[in-house]
Amino acid sequence: MSLERIAEFLRKLLMIFAAAALLGVTLLATLNVTLRIFRVPVSGTYEIVSFLGAIVTAGALGYTQKHRNHIVVDILSEKYPPGLKRMIDRLSYAIMFLFFCVVSWQTMRYGRRLVLAGEVSETLKIPFQPFVYAVAIGFGVFALTILLDLVGMCRTEAGKQ
């Protein structure tokens, strides 16, 4: 099985979790607003929405990168000569890959510190670390996607020469 196929599987899996978390946020927010009318709000809504929001964001990163569903501001770079633009794109991807590897690694380390400290949420006493680890995995898959995009750019460039 190729690295691209593994990455595609991970991106889809994380996107499924992100979609389920988004559905959960929507249902919980709707339920909480509805129950507030009767003065019976859902306890810990803010905590749960925050945790699920982290899952939504981190889970969608790799998929969004692969499918180019993000915002690109290229006001200056669109005017560059094609060779310079390709070089800047490759450099940008390399820097992004390194940056998000460090972000993933440091987020994992933070999760470990939370485990050791026994940190839990204030209202519902939910442990933070599973959500922190999920965010770290999301950043890791994002970094892998960036790396594979970079490799693809270099292969395309090598094929043109």
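1. Residues are numbered from 1 along each chain as its sequence is written, and side-chain values use heavy atoms, without hydrogens and water. In this predicted model, local features need pLDDT of at least 70 and side-chain atom pairs pLDDT 80 or more, whereas totals for chains, interfaces and linings use all residues.

2. Helices are DSSP runs (H or I, at least four residues), numbered from the N terminus. The 36 residues of helix 3 should span 52 Å at 1.5 Å a residue, and the end C-alpha atoms are 52 Å apart, which agrees; the expected span is 1.5 Å times one less than the number of residues.

3. Buried means under 20% relative accessible area, exposed over 50%, and partly exposed in between (1.4 Å probe, protein chains only). The buried residues of helix 3 include Tyr93, Phe97, Phe100 and Leu114.

4. Gly118 follows helix 3 and has a positive phi, near 70 degrees. Ser121 lies in the loop between helix 3 (82-117) and helix 4 (129-160). Ser121 counts as buried because its relative accessibility is 1%. Leaving aside residues up to four places away in sequence, Ser121 touches Glu47, Phe51, Ile126 and Phe128 (contact: heavy atoms within 4.5 Å).

5. Tyr80 is placed in the loop between helix 2 (45-66) and helix 3. With a relative accessible area of 34%, Tyr80 is partly exposed.

6. The count of disulfides (pairs of cysteine sulfur atoms within 2.5 Å) is 0. For Cys101, the nearest cysteine sulfur, that of Cys154, is 16 Å away, too far for a bond. Cys101 is partly exposed at 31% relative accessibility, and Cys154 is partly exposed at 36%.

Notes:
Helices (H or I, at least four residues) and strands (E, at least two) are DSSP runs, numbered from the N terminus.
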